[in-house]
Amino acid sequence: MVQQLQTSESSSTVLEHLRGRHVLVTGTTGFLGKVVLEKLIRAVPDIGGIHLLIRGNKRHPNARERFLHEIATSSVFERLRQEDNEAFETFIEERVHCITGEVTKPRFGLTPERFATLANQVDAFINSAASVNFREELDKALTINTLCLNNVVELARRNNRMAVIQVSTCYVNGKNSGQVTESVIKPAGENIPRSTAGYYEIDELVRLLEDKIADVRSRYSGKVLEKKLVDLGIQEANHYGWSDTYTFTKWLGEQLLMKALDKRALTIVRPSIIESALEEPAPGWIEGVKVADAIILAYAREKVTLFPGKRSGIIDVIPVDLVANAIILSFAEALVEPPQRRIYQCCSGSSNPISLGEFIDHLMAESKANYAAYEQLFYRQPSKPFIAVNRKLFDAVVGGMRIPLSLTSRVMRMLGQNRELKMLRNLDTSRSLATIFGFYTAPDYVFRNDSLQALASRMGEQDQALFPVDARRIDWSFYLRKTHLAGLNQYALKERKLYSLRSAKARKKAA
């Protein structure tokens with residue numbers, strides 16, 4: 001076993017490239033960042049050092065303290081701890097370096113000397129920090145997803161050898177349709193000037209957005225201000241060709257980096273909808289409720305049965321471990337190949353497509369056959385089907401039903417019955433989820449990842465086994481029905497307090 005592992009490592013291009021190297025990583029308090037960190041620790045034992053930029057908080061103001069209490073304790077590291085806990089602890093002690101800082105602050109909030117030292121220490125910067133709130137206030141989204149990248153650029157300019165790997169999203173595609181290649185994305189809305197180097201000139205647009213933000217701030221405050229900034233973000237995103245503030249500001253971030261790091265080593269990795277692990281660190285491992293899971297959970301709890309969607313559309317889901325592997329492959333390539341701009345999409349739509357209709361059918365079949373196996377997810381077997389309809393029909397049905405239900409609810413409150421009608425609450429849940437995620441369930445585009453597949457081929461068979469990125473590995477029926485639902489049930493959802501519920505009922509009956 002040990003001999004096999006040594007042979008694998010010695011013939012791995014990736015492991016050769018990463019031996020002795022130092023990397024700075026952001027976003028390790030998040031889902032994807034944790035999986036990238038775990039894979040680097042487990043699969044790249046000879047890496048020189050992993051430097052983590054972590055913002056302190058009230059409970060743990062120091063980065064090292066926060067890492068030990070909030071990151072190192074994550075279930076993502078269970079495999080490492082089980083296989084060799086002593087080696088894991090030693091690696092953390094010797095080669096994981098925590099830096100208390102904030103990516104949105106100039107020099108990350110570090111002193112000029114510490115910032116300069118960091119720039120000279122690291123060979124690459126993997127930036128996976130982002131605000132993934134689709135309806136974020138525009139000022140916050142712009143700061144986290146776009147403007148803070150000026151600080152990344154400043155670090156890279158201190159070290160000409162540094163490679164930057166920026167985690168973006170396939171959905172910077174916005175409202176464009178058709179085949180989406182690994183290239184610079186053209187806005188689907190208002191025209192934005194394009195440079196001869198291929199990227200779009202966004203400086204004037206960013207100034208315009210900042211002026212609009214300042215105008216809103218001058219006129220509103222408190223919760224009203226927050227809502228106005230959310231509305232402004234959606235309005236501006238729609239105007240330029242995006243469905244939400246998240247994807248709009250991530251696209252702006254891509255343009256900023258492409259201009260500032262022109263002719264330098266910049267790799268943009270665009271995942272599609274990231275979901276639970278296919279295999280590593282454990283099948284189904286997930287943290288929190290992701291895009292598709294919010295809808296799955298609402299269906300499991302019988303809050304949503306009707307949703308806007310295109311059954312024939314390709315819903316692009318990719319397991320998190322394949323995304324982490326794509327990041328590591330691109331990291332290794334950027335260190336040794338001539339510096340240039342590279343774009344890779346980590347997705348399933350072109351190589352192993354699954355339609356929204358098939359996705360729904362797999363989940364309904366599993367809920368019908370085995371709902372009891374997922375007791376945190378399903379409280380009982382869902383009694384109604386999950387139906388995807390076009391947006392106009394959805395709006396007509398929900399709007400038509402809501403009016404009489406609202407009147408009934410008002411009458412009930414007048415009679416002293418303050419409890420809201422369950423059906424009305426469910427309609428509001430459906431409408432809320434549709435507002436946030438409806439764009440993603442009615443796709444008329446297909447993401448391609450030919451360049452990523454070519455990168456994996458160049459790295460060779462050994463690295464395709466160690467760091468797989470090919471979505472053709474996914475058996476959708478097994479993954480959705482067994483791996484993903486089991487992962488949601490085990491990792492993402494809290495254990496139901498059945499004992500407490502029963503005790504409460506017993507006490508009430510006794511009284």
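## The largest pocket

Helix α3 gives the most to the lining of the largest pocket, with 3 residues. This is a predicted model, so treat everything below as a reading of that prediction. The pocket has a volume of about 1,000 Å³, and 41 residues line it. If you want to find its middle on screen, pick out G30, S128, A130, S131 and V132, which are the lining residues closest to the centre.

Which elements each supply at least two residues of that lining? They are α3 (31-43), β2 (49-54), α11, β8 (273-275) and α16 (422-437). By class, the lining divides into 21 nonpolar, 14 polar and 6 charged residues.

Now for the cavities. Searching the whole structure turns up 4 cavities of 30 Å³ or more. The largest cavity has a volume of about 220 Å³ and is lined by 18 residues. Nearest its centre lie A292, I295, F359, I360 and F386.

Two helices, α12 (291-300) and α14 (356-370), are the elements that give two or more residues to this lining. What does the lining of the largest cavity look like by class? It has 17 nonpolar residues, 1 polar residue and no charged ones. For the largest pocket, by contrast, the list includes 14 polar and 6 charged residues.

## Where α6 meets α8

Helix α6 covers residues 112-121 and helix α8 covers residues 149-157. The two pack with their axes 8 Å apart, at an angle of about 70°. An angle of 65 to 115 degrees counts as roughly perpendicular, and α6 and α8 are therefore roughly perpendicular to each other. Their crossing is right-handed.

Which residues make the contact? From α6 come F115, L118 and A119, and from α8 come N151, E154 and L155. Sorted by class, that gives 4 nonpolar, 1 polar and 1 charged residues.

## Where α9 meets α11

Another helix pair to look at is α9 (residues 203-219) and α11 (residues 245-260). Their axes come within 11 Å and cross at roughly 140°. That makes α9 oblique to α11; to count as roughly antiparallel, the angle would have to be over 145 degrees. The crossing of α9 past α11 is left-handed.

On the α9 side the contact uses D203, L205 and L209, which meet F248, L252 and K259 in α11. These contact residues split into 4 nonpolar, no polar and 2 charged. Helix α11 also turns up elsewhere in this report, as one of the elements supplying at least two residues to the lining of the largest pocket.

Take a look at Q179, which sits in strand β6 (residues 178-180). How far apart are Q179 and Y445, in sequence and in space? They are 266 residues apart in sequence, but their C-alpha atoms are 5.8 Å apart in space.

Setting aside its neighbours within four places in sequence, Q179 is in contact with V446 and R448.

Most residues other than glycine have a negative phi, and most peptide bonds are trans. Here are two spots to check against that.

P281 lies in the loop between β8 and α12. Both of those elements have come up already: β8 supplies at least two residues of the lining of the largest pocket, while α12 gives two or more to the lining of the largest cavity.

The other is R107, whose phi is near 55°, a positive value in a residue other than glycine. Look for R107 in the loop between β3 (96-100) and α6, the helix that packs with α8.

Definitions and conventions: Residues are numbered from 1 along each chain as its sequence is written. This is a predicted model: local features need pLDDT of at least 70, side-chain atom pairs count only at pLDDT 80 or more; totals for chains, interfaces and linings use all residues. Side-chain values use heavy atoms; hydrogens and water are left out. Axes are lines fitted to C-alpha atoms, for helices over the stretch in contact, and angles run from 0 to 180 degrees between N-to-C directions. Helices (H or I, at least four residues) and strands (E, at least two) are DSSP runs, numbered from the N terminus. Angles under 35 degrees count as roughly parallel, over 145 as roughly antiparallel, 65 to 115 as roughly perpendicular and the rest as oblique. A crossing is left-handed if the near helix is turned anticlockwise from the far one by less than a right angle, and right-handed if clockwise. Contact means heavy atoms within 4.5 Å. Ala, Val, Leu, Ile, Met, Phe, Trp, Tyr, Cys and Pro count as nonpolar, Asp, Glu, Lys and Arg as charged, and the others, Gly among them, as polar. On a 1 Å grid over the protein atoms alone, a cavity is a set of points where a 1.4 Å probe fits but cannot get out, and a pocket is an open set with protein on both sides within 12 Å along at least five of seven lines; lining residues have an atom within 4 Å of a point. Grid points are joined across faces, edges and corners, and a volume is the space filled by probe spheres set on the points.
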